[in-house]
Amino acid sequence: MVHPSVLTVPTPVTAADLAREGLLEIGPGCQLSPHAVFVPADMLGTLRPVMLGAGCSIGAGAVLHGGTQLAARVRVEEHVVVGCPESGYAVRNLYPGTGEPTIVGEDVVLRSGAIVYAGVTIGAATVVGHHTLLRSHVAVGADSQLGHILSIERECRIGDRVRMSPGTHLTAATEVASGAFLGAGVRTINDKQLIWRDPEHQTELAPPRFCQGCKVGSGSTIMAGITIGAYSLVGAGSVVTRHIPPHATAYGVPARIHHTGGAR
């Protein structure tokens, strides 16, 4: 029997321990590695159950934190972290390590090494690549493909059927609408003043926005506050300093519009 005091700190325990304490629900047909670990308490000592839907697979070295909710047939590969509470200073806020529900839809695949923070939601049939990071309160739609080694910062919103290639960085609160495509190594910026821990001079952050069906080529940089219009195309290696209208083609450093209007 696990004494309750053991569960008031973020200490990993086994599936059997959790089940005895009523902190783990396992659906039929689940496969759990004996080397998977569970952390039911957040950094403030609050306990939350872990819920696994039917047919889930949990790999060796995976760490599931309290509040994790996996729908049916979710595959969590080796050394994935799900539901990790945010702790410390970031994006002009202090995070105390509070756990939250972390909701993963059916048929999602979390590739080995992925890290999914507390408060994230992931839609059905989405794939999250190796060593990709989803920070607190990120929302990802259904049937999206998030490549390897992505960094998706807090409160980003990603729609359905989005494709992101490896090495891309989304700054906090960036919006990516359904059907958008971001190539490899795309960089986004949300701070025009580059102010760090200076509350007397901080200005409101201005994340970029990617509208429905737009395409952004590999190696492009999208500056703060920029909107990439619906079904527009940004060429590889561009630095985008002005809004791109819908259906336009733009490229260059800085990017300039070379085509506007309907089908290219």
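## Loop residues with positive phi

R161 is found in the loop that runs between β21 (157–158) and β22 (163–164); strands here are DSSP runs (E, at least two residues), numbered from the N terminus. R161 is not a glycine, yet its phi is positive, near 55°. With a relative accessible area of 49%, R161 is partly exposed (buried means under 20%, exposed over 50%, partly exposed in between, with a 1.4 Å probe and protein chains only).

D107, also not a glycine, has a positive phi of about 65°. The loop between β12 (102–104) and β13 (109–110) holds D107. D107 is partly exposed, at a relative accessible area of 34%. Most residues other than glycine have a negative phi, and most peptide bonds are trans.

## A cis peptide bond

V253 and P254 are joined by a cis peptide bond, with omega near -5°. P254 belongs to the loop between β33 (249–251) and β34.

## The open sheet

Twelve strands form an open sheet with mixed pairing, in the order β2-β5-β8-β13-β16-β19-β22-β25-β28-β31-β33-β34. Two strands pair if DSSP finds at least two bridges between them. β2 (31–32) and β34 (256–259) are the edge strands, each with a single partner strand, so one side of each has no neighbour in the sheet.

Within the sheet, β16 (residues 127–128) and β19 (residues 145–146) are paired in the parallel sense over 2 bridges. V128 has L146 of β19 as its bridge partner.

## Basis of the values

The model is predicted: local features need pLDDT of at least 70, side-chain atom pairs count only at pLDDT 80 or more, and totals for chains, interfaces and linings use all residues. Residues are numbered from 1 along each chain as its sequence is written, and side-chain values use heavy atoms, with hydrogens and water left out.

Conventions. Helices (H or I, at least four residues) and strands (E, at least two) are DSSP runs, numbered from the N terminus.
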